[in-house]
Amino acid sequence: MRQIIQDLKSGETILEEVPTPRVGAGKVLIKTHRSLVSLGTEKMLVNFGQANLLEKARQQPEKVKQVIDKMKTDGIKPTFEAVFRKLDTPLPLGYSQAGEVIAVGKGVTEFQIGDRVISNGNHAEIVSVPKNLVAKIPVGVTYDEAAFTVVGAIGLQGIRLIEPTFGENVVVLGLGLIGLISAQLLKANGCDVIGLDLDQEKVERARSYGITAINSGQQDAVKFVKKKNGDIGADAVLITASTKSNAVIKQAANMSRKRGRIVLVGVVGLDIDRSDFYEKELSFQVSCSYGPGRYDEEYEQKGKDYPLPYVRWTEKRNFQAVLRAMAEGQLDVESLITERVPLEDYEEIYGDMDGMDSIASILEYPLKTEDSQEYTEGAEKNNRTIKVGDISFEGGTGTMAVIGAGNFTQAMIMPSLKDAGATVKYIVSSGGLSSTTLAKKYDVPNSSTDLEAVLIDDEVDGVLVTTRHNLHAGMTVQALKAGKQVFVEKPLALKEEELDEIIEAVEETANTVTVGFNRRFSSHAEKMKELVGQQPGPMNVIATMNAGHIPADVWVHDPEVGGGRIIGEACHYVDLITYLTGSRVTEVSMQAMGTNPKENTDNASIHLKYENGSLGVINYFANGNKSYSKERVEVYHQERNLIMDNFRKLYGYGFDDSFFSLSNKVLSTKQDKGHKNQFNLLTKRWKEGGEPLIPFDEIVNTTRATFAAIESLKQGKWIQMINR
């Protein structure tokens, strides 16, 4: 299928061939009939993509600060690699789509195949959208009209924040697409609406809907509004304009009555004059997209609705309200359509967006019988794997498939596999765009959204699972039972029962599982292991992670998706200490900071007892300064010490030159967390055979130790480990 994307590095807008997305649980697969080009928003994105690096930096000063902070901690080269990697990631365009349902995911009951629906899907022939971002199109509303729904909901949410009452005077400042829709909805609500814009054609369009409208560049808008309202001023102002100027917010304040309300839907300069707001006691609010639920993972991705008696208007219910207004003739969007353009002619719209004076452009998708037949029920699977360009492929022992194309796969896994000379036949992602981008960049012949098809390919010997944490265990078991060797990024599992299923699958199939505990493969860790191994015996190891703060709403914290930072990240240090001590954990205790420590695992200390008498301490803290080293490991062993600082420097104390082989007792390298060595060894093992890189009993022990840490926090006591 085809999808419109913006290349942020080259500035090109591209119609890309990508695999058909898979329909996950709680999602709806939709064949697109129409999508609306939001000229304001999309022009901003296209212009950003076309800007040079300096101009991009000027447009996003807050990002520049983040880059500078990253340079201080990670160095110049890794920082610039991260910046250019971000620019290499294409941006899907579009967010207001209409089409028909061709498949429904598990747990979806309100939609059926053949339903006419709208969604916030991108400009793509097929989209997979969570059910709470999908709404049915009423009888009598065309696909052309329905394509306006999501954009209309943006205006409607701004109106809801204004809380207009019948007969109030409301100014709509900016008569672009959202402004014209908002003005009509306000009029239908019984408001006395005044529309303001600098474009006379848009002013005339507003007047055609029975709205009082003036060209604010030709007469004094503030005087006009006050005169029309008996010198009282506007009860409310809805700002739908897009400009960097601060003049708009000042104008809105000046035309408002005392204790008036101002709501911002558009994007304007916000250098507010305090006296404008102070003297009138004005209220000001910024509207967030389509309404309550937006950016809430629980609502959008997990499909958990807000109870209607307490949240009357969610984003989905706003969609439904806009569609109802169309069906009842209260909202006319048909007259807003400036042009209809076939998908393949998309450049007619995107070629020169600055020179366009359009209000609304509709993209039409192919609906011929021969085109639509391939999207019938179940048949969409035929399009879930595509050949990427003319890339040749020579299979062989150790051929791999990479499942997941997120940031870590882009940043570390694919570059490391390339350096290791690995043979990768597939990259798989849920949506298809990210896997296609990576496949092209690394000369991988196939991009896919079909894990099942990849697993039945006999040429694939091993699978690398790099998805979100909650998918690791299920995909690992699935790949093992398909006869594949498995490398899975940490954590291996989030629950004890998931771990048991993996153990059972390993025992049944005799296939190997390796977990991405890369730090044990660092040159610093290997040197530490070599040095303490000269005189075996119990040791004390303290590992400190200056992890940094992650906002509470990020998926990593979700126990069902990310597992939390101890299971999801601190497992690295359990494995590293296990590697250094050469032993397995027998008891675990964890304490956390705060008055309610059971809910705060961001700042915690884990204590580990080992079979050989060694002791480990993992300090996992999120409250440190970014300029301090992120990782530090200390070993105390038989009157000797090793201090590893941020995988850059290793200091030795009490070692003579014959042991340390460096006269100054310092091993210094560029940052080496072991990724490259790990994937070099993995590639070699899968090609030549041999045992997994990490003994499976150690992987199981490490995983159980993280579960025990959480249990210790809950029970407030040491937890005994059961090692088989």
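Y628 is partly exposed, with a relative accessible area of 47%. Here, buried means under 20% relative accessible area, exposed means over 50%, and partly exposed lies in between (1.4 Å probe, protein chains only). Y628 sits in the loop between β27 (615-621) and β28 (631-637). Helices (H or I, at least four residues) and strands (E, at least two) are DSSP runs, numbered from the N terminus. Y628 and N646 are 18 residues apart in sequence, and their C-alpha atoms are 9.5 Å apart in space.

The model is predicted: local features need pLDDT of at least 70, side-chain atom pairs count only at pLDDT 80 or more, and totals for chains, interfaces and linings use all residues. Residues are numbered from 1 along each chain as its sequence is written, and side-chain values use heavy atoms, with hydrogens and water left out.

A six-stranded sheet comes next. It is open, with the order β11-β10-β9-β12-β13-β14 and parallel pairing. Two strands pair if DSSP finds at least two bridges between them. The edges are taken by β11 and β14 (283-286), each with a single partner strand, so one side of each has no neighbour in the sheet. Neighbouring strands of the sheet are turned by 20° against each other on average, direction ignored.

Within this sheet, β9 and β10 run parallel and are joined by five bridges. V170 has V193 of β10 as its bridge partner. Five of the five residues of β9 are buried, so this strand is largely enclosed by the rest of the structure. N169, V171 and L173 point one way from β9, while V170 and V172 point the other way. β12 and strand β13 (residues 256-264) also run parallel, again with five bridges. A234 stands opposite S256 in β13.

Helices pack on this sheet. Helix α8 (residues 200-208) touches β10 and β11, and its direction makes about 170° with that of β11. Helix α6 (residues 149-162) lies across β9, β12, β13 and β14, running at about 150° to β12. For these angles, axes are lines fitted to C-alpha atoms, for helices over the stretch in contact, and values run from 0 to 180 degrees between N-to-C directions.

Helix α9 (residues 221-228) has A221, V222 and V225 as its buried residues. Seen down the helix axis, they fall within an arc of 100°, so they line one face of α9. The arc is that of the directions from the helix axis to the C-beta atoms. On the other side of α9, K223 and K227 are exposed. The buried residues pack against β9 (169-173), β10 (192-197), β11 (212-215), β12 (234-239) and α10 (247-255). Contact means heavy atoms within 4.5 Å. At the N-terminal end, D220 caps α9: one of its side-chain oxygens lies 3.0 Å from the backbone nitrogen of V222. Just after the helix, G230 takes a positive phi of about 65°.

A second sheet is open and has three strands, in the order β2-β1-β4, with antiparallel pairing. Its edge strands are β2 (13-17) and β4 (91-92), each pairing on one side only. Strand β1 (residues 2-6) is antiparallel to β4, with two bridges between them. I5 has P92 of β4 as its bridge partner. Helix α17 (residues 433-441) packs on this sheet and touches β1, β2 and β4. The direction of α17 makes about 95° with that of β2.

Nonpolar packing was examined next. A nonpolar core is a set of buried Ala, Val, Leu, Ile, Met, Phe, Trp, Tyr and Cys residues joined through side-chain atoms within 4.5 Å. The largest core has 72 residues, of which I118, F148, L177, I181 and L336 touch the most other members. Leaving aside neighbours within four places in sequence, L177 is in contact with L36, F148, V151, L336, I359 and A360. Another core lies apart from the largest one and has 56 residues, including L417, A422, I503 and I694.

N132 lies in the loop between β7 (126-130) and β8 (134-136). N132 is buried, with a relative accessible area of 4%. A polar atom of its side chain lies 2.9 Å from the backbone oxygen of Y299. Such a polar contact is a pair of N or O atoms within 3.5 Å; within protein, one must be able to donate a hydrogen and the other to accept it, and residues adjacent in sequence count only if both atoms are side-chain atoms. Beyond its neighbours within four places in sequence, N132 is in contact with Y299, G303, K304, D305 and K316.
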